[in-house]
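These are my notebook entries on a structure I looked up residue by residue. The entries follow the order in which I consulted it.

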Amino acid sequence: MTNSGLANDQALGGATPHPLPTLGVVLVAAGRGERLGADAPKAFVELHGRALVEFGIAVATSLPHAGCLVVVVPEDRAAQTLDLVDRIVPAEAPWTVTVVPGGRERHESVRFGLDALPESIDTVLVHDAARPFASANLFERVIAEVRGTGDSVVPALPVVDTLKRIDADGIVHETVDRAPLVAVQTPQGFPRETLAAAHATAQLHTDPPTDDAEVVQRAGGRVRTVRGEMNAHKLTTPDDLRILDSIMTGNAVGLTEAL
Ligand SMILES: Nc1ccn([C@@H]2O[C@H](COP(=O)(O)OP(=O)(O)OP(=O)(O)O)[C@@H](O)[C@H]2O)c(=O)n1
Ligand SMILES: C[C@](O)(CO)[C@H](O)COP(=O)(O)O
């Protein structure tokens, strides 16, 4: 699938011109969600009447930066996504929102999103629509770390369970040292040139990477971590719907205001 002929721009400026945007957010929402097994693609599954992708659009465009958001969706969801953008993003927000179709693998969707960003962007965040409740504070901490260090940055949480290595029959062979292990989340942040160059040069097709930190590492780049957050939990399997529901219920006021 290509992204030619489907890019739809919605310039969201008012009468006052905004400064040239330097922050880009690529919101990847084009996955099929096979492990979830819902009727709709995962980013369009609803929580309390809102499609998952709506939360990512809302939090990104709430950031007080002049920015460009690219939402990467299944081709047949582009029109629906533009309607959601119209409804969610305030006219006065200093954001431009573009919707483009995704690829077969996550890294292809990210590259299509990167290709849609204007030249003025120097810092890029890649965020999963499947992590609807990552907070604006987490976005800001990642941006600050990227801009302060020039490195690539991922949110990470310590692994809390005891880890075992098992074989194909489920038999335990050893306990794995968890001290140097973390679980990483999104938004992941990058100097734009670092991420674009990594996507252009790293070998990604025989063993597709599951995140952009891996893309940068395959290209020889350095990735550092900031502390992640429990609320940035990802919808992967049906069990996660219950976890996200309880996060949403616990934060109902703030999240409803964001939308
Ligand atoms: N070709 C793809 C694959 C994934 N994603 C996005 O990347 C994020 C993380 O991917 P994952 O949770 O693995 O989503 P799926 O690929 O949809 O899930 P599954 O592997 O269960 O099919 C999601 O927001 C998903 O929509 C994407 O934009 N394009
Ligand atoms: C990018 C990601 O969310 C970081 O945890 C994750 O890697 C997405 O893909 P996965 O296949 O669910 O690991």
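Entry 1, Ala219. I located Ala219 in the loop between helix 6 (212–218) and strand 13 (223–227); helices (H or I, at least four residues) and strands (E, at least two) are DSSP runs, numbered from the N terminus. The model is a predicted one, in which local features need pLDDT of at least 70, side-chain atom pairs count only at pLDDT 80 or more, and totals for chains, interfaces and linings use all residues. Residues are numbered from 1 along each chain as its sequence is written, while chains are lettered from A and ligands numbered from 1 in the order in which they are written.

I asked why Ala219 counts as partly exposed. Ala219 does so because it has 17 C-beta neighbours inside 10 Å; with C-beta atoms placed from the backbone, 20 or more others within 10 Å make a residue buried, 12 or fewer exposed, and a count in between partly exposed. Beyond four places in sequence, I found Ala219 in contact (C-beta atoms, placed from the backbone, within 7 Å) with Ala197, Ala198, Thr201 and Ala202. Its C-alpha lies 9.1 Å from that of Thr194, at a separation of 25 residues in sequence.

Entry 2, Thr81. I found Thr81 in helix 2 (residues 78–88). Thr81 counts as buried because 25 C-beta neighbours lie inside 10 Å. Its contacts, leaving aside neighbours within four places in sequence, are Val53, Val71, Val73 and Val99. Between Thr81 and Val215, 134 residues apart in sequence, the C-alpha distance is 27 Å.

I read helix 7 as residues 238–250, 13 residues in number, with 19 Å from first to last C-alpha. This is close to the expected 18 Å, where the expected span is 1.5 Å times one less than the number of residues. Helix 7 is hardly covered, with one buried residue among its 13.

Ligand 1 has 22 residues around it, with Val28, Ala30, Gly31, Arg35 and Ser109 the closest.

I noted a mean pLDDT of 91 for the chain, with 90% of residues at 70 or more; pLDDT is the predictor's confidence in each residue, from 0 to 100. Over residues 1–14 pLDDT stays under 50. Where pLDDT is low, predicted coordinates should not be read in detail. For the complex, the predictor gives an ipTM of 0.98 and a pTM of 0.92.

Terms used
Near = placed C-beta within 6 Å.
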